[in-house]
Amino acid sequence: MKNFLQKIPEQVKRLSVLLLVVVIVFIVATSLLTPKDFGLVGHYRAGAIQNNADKKMQYAGQEVCADCHDDIWKTKNSGYHKNLSCEVCHGPSFNHVNEPDQFKPEKPRDRIFCPVCHEFNPSRPTGFPQILSASHNPRRICVTCHNPHNPTPPQTPKECSACHAEISSAKSVSSHMDIPCTKCHEASEKHKLRPREYLPTKPANREFCGQCHSQDAKGDEFIPRISMATHEPRYVCWQCHYPHLPEAL
Amino acid sequence: MENKIIETDKKVERRSFLKKFAILALAPIAFGFLGASDKLKTVKKWMLQNGYIPSNHKWGMGIDISKCIGCGRCAVACKNENNVPKEPFFFRTWVERYRIYEDGDIQVDSPNGSIDGFENTRTTNKKMLRSFFVPKICNHCDNPPCVQVCPVGATFKGEDGVVLVDSDYCVGCRYCIQACPYGARFLHPETHTAEKCTFCYHRIVQDKLPACVEVCPTQARVFGELNKKSSPLVRFLRMNKIGILKPSLNTEPKVYYANLDMEVK
C-alpha cells in the first residue's frame with residue numbers, strides 16, 4: 001500500500017486533493033443553495049405551484065353577479081348579450097363582491113365604449129352587428145336608445161326619415177336631434193299616400209321658435225335665449241337659421 | 001498457521017469496514033429520501049386542501065378565429081387580472097389583425113395589443129382578399145422550448161400541462177424569451193423576471209375560467225380539460241377543423257385554433 005502511494009507522482013496527489021475539495025464544496029454549496037422543495041414533483045420548486053395559485057383574483061365571474069342582481073341577469077340572458085359576462089363592460093369586480101358599498105364597478109356610458117365591439121371594421125366576421133359611429137346618431141349616447149342589458153334595436157318610427165333622409169341625418173348631428181319631427185310639423189296620414197296633395201304644416205311665425213328661445217320661455221338652461229323684441233324683429237327665424245341644423249349659419 | 005489466522009482477521013476487518021462505510025455513505029441519502037417524501041406529502045396535502053390535484057388535470061384552450069371580433073377585451077382583462085404593466089409592449093395575450101391582399105401581400109398589425117382597437121384606415125389601394133383577427137397567447141407547449149433552455153429550473157411544465165414561471169427563482173437571464181417561438185414571454189420591467197400567461201393559474205385552481213375566456217364577448221375562446229370527454233374543449237376539438245401554430249417546430253401546443261388560416265404564423 002505504502003509502495004503504491006509512493007509511486008503516485010506528487011502533482012497527481014495535489015490535484016486529486018484539489019479535486020476532492022472542489023467536489024465537496026460543490027456538494028455542500030448545492031445542498032445549501034438549492035431550495036428544499038426543489039425537484040419534489042419535477043425539475044422545479046414545488047412551492048412555485050402554490051405561489052402561482054396564491055395570486056389575487058380581480059374578475060369575480062358572472063355567476064357571482066347573479067346572486068344579487070338576478071333581475072338584470074335574467075334580462076341579459078334573454079337578449080342578444082346573453083353570452084356576455086357582466087365584467088366585459090363593468091370591469092373587474094372582485095372587490096365589489098366582497099365589499100359592495102365600497103367598490104362600485106364601472107359603468108361605461110360614453111360613445112367610445114360600445115363601438116369597441118360594434119364599430120364597423122372589414123376584418124370583423126360577417127353578420128356581427130356593426131355601425132359607423134360617425135353617422136349613427138352621432139350626438140346621442142348609445143344607452144339612450146339601446147338598453148345594454150337587452151340591446152334589441154329600438155323600433156323608432158322611420159316614417160319621416162324614409163323619405164326625408166337628408167333632413168333627418170342633418171338633424172341627427174344638430175342640437176335639435178332630440179326634437180321629434182311632429183313637434184314642428186303636423187302631417188296627416190294621407191301625406192304618406194299622396195305627399196304632394198296633403199302637405200304637412202310648417203311653423204308660420206317667430207313666436208313658434210320663441211316658445212323655446214325667448215327670454216321668458218320655460219325649458220332647460222342650455223337652450224340659447226334671445227330677446228324677441230330686439231333680435232331682428234323684421235325677419236322670421238328660418239330666414240337666417242336652418243331649423244334642422246341651427247348651428248349651420 | 002499464524003500467518004493464515006492473521007490473514008483471515010484482516011479479511012473480516014475489511015468486510016466489516018466496508019459494511020460500516022456503506023451504511024455511513026447511504027445513511028444521508030436515505031435520510032434525504034425520507035425528508036423528500038415528507039415534503040412531497042406536504043405538497044400533496046396542500047393540493048388536496050385546495051381540492052386541486054395537478055395530475056388529475058390537463059388544460060388546454062381553443063380559439064375560434066371566425067368568432068373573434070378584435071375588440072381586445074381579452075388583452076384588457078389579462079392586464080387587469082395579472083397586473084401586467086400597462087405599457088404597450090408587455091402582453092400575456094394580444095390580438096393580431098391579418099390583412100391579406102389579392103397579390104399575396106400580408107399585413108399583420110396589433111396596435112397596443114388590440115387594446116385601443118384597430119384603425120379602419122386603408123394604407124394601400126390594393127384589393128383586400130380576406131381579413132381576420134387572431135388572438136395570441138402562450139401555447140403551453142407539451143414540449144416547451146422555454147423550459148428546456150432555463151438554466152436554473154425556474155420555468156416548468158406542471159403536471160397539469162400548464163407552463164409556469166417561478167418568479168422567486170428566476171434570475172432574469174432572458175433565455176426563455178429568446179427560445180419561445182411564439183413571442184409569448186417578456187421580462188417584467190420592475191421585478192426583472194420572465195413573465196408569461198399562466199392560464200390564470202390562480203383562477204383555474206378555484207374552478208374559474210381564465211380572465212380572457214371569462215370576458216370574451218363572442219365565445220371565441222374556449223377553455224377546458226383535454227383528457228375529459230365531457231369538457232367544452234374536447235367538444236370544440238371534435239366539431240371544428242383544428243390548426244396549431246408552427247407545427248413544424250414539434251412544440252405540440254395546447255392552444256388549438258379553429259378555422260386557422262394557412263398564412264398565420
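1. Two residues are taken to be in contact if their C-beta atoms, placed from the backbone, lie within 7 Å. On that basis, and bearing in mind that this is a predicted model, the contact between the chains takes 36 residues from chain A and 44 residues from chain B. On the side of chain A that touches chain B, the elements giving two or more residues are α3 (47–53), α6 (86–90) and α8 (115–118) of chain A, and of these α3(A) gives the most, with six residues. Sorted by class, that side of chain A has 18 nonpolar, 11 polar and seven charged residues.

2. For chain A, the domain assignment gives domain 1 as 62–119 + 129–156 and domain 2 as 179–191 + 200–249. The centres of these two domains of chain A, taken over C-alpha atoms, are separated by 37 Å.

3. Chain B has seven helices and 11 strands, and buried residues make up 38% of its 265 residues. Where contacts in chain B join residues at least 6 apart in sequence, 61% of them join residues at least 24 apart.

4. One sheet of chain B is open and consists of four strands in the order β9-β1-β11-β10, with mixed pairing. Its edge strands are β9 (221–225) and β10 (242–243) of chain B, each of which pairs on one side only. Strand β1 (residues 59–64) of chain B runs antiparallel to β9(B) and is joined to it by five bridges; in this pairing, Met61(B) has Phe223(B) of β9(B) as its bridge partner. Helix α7 (residues 232–239) of chain B lies across β1, β9, β10 and β11 (255–258) of chain B, and it runs at about 120 degrees to β9(B).

5. Within strand β1 of chain B, Trp59(B) deserves a separate comment. A residue is counted as buried if 20 or more other C-beta atoms lie within 10 Å of its own, and because Trp59(B) has 22 other C-beta atoms within 10 Å, it is buried. Not counting residues up to four places away in sequence, Trp59(B) touches Asp160(B), Gly161(B), Val162(B), Phe199(B), Ile204(B) and Glu225(B).

6. A second open sheet of chain B has three strands in the order β3-β2-β4, and its pairing is antiparallel. Here β3 (106–109) and β4 (128–137) of chain B stand at the edges with a single partner strand each, so one side of each is left without a neighbour in the sheet. Neighbouring strands of this sheet are turned by 20 degrees against each other on average, direction ignored. Nine bridges join strand β2 (residues 93–101) of chain B to β4(B), and Thr93(B) stands opposite Ile137(B) in β4(B). Helix α2(B) packs on this sheet, touching β2 and β4 of chain B, and its direction makes about 160 degrees with that of β2(B).

7. In soluble globular proteins, nonpolar side chains tend to be buried together. In this model, the largest nonpolar core has 75 residues, and those with the most contacts inside it are Ala75(B), Ala77(B), Tyr201(B) and Cys212(B). Helix α2 (residues 73–82) of chain B supplies the largest share of this core, five residues. Leaving aside neighbours within four places in sequence, Ala77(B) is in contact with Tyr59(A) of the other chain, and also with Ala211(B), Cys212(B), Glu214(B) and Val215(B).

Notes. Residues numbered from 1 in each chain as written. Chains lettered and ligands numbered in written order. Predicted model: local features only at pLDDT ≥ 70, side-chain atom pairs only at ≥ 80, totals over all residues. Pairing = 2+ DSSP bridges. Axes fitted to C-alpha atoms, helices over the stretch in contact; angles between N-to-C directions. Nonpolar A, V, L, I, M, F, W, Y, C, P; charged D, E, K, R; others polar. Buried ≥ 20, exposed ≤ 12 C-beta atoms within 10 Å, placed from the backbone. Domains from an automatic or database assignment. Core = buried A, V, L, I, M, F, W, Y, C linked by C-beta atoms within 7 Å.
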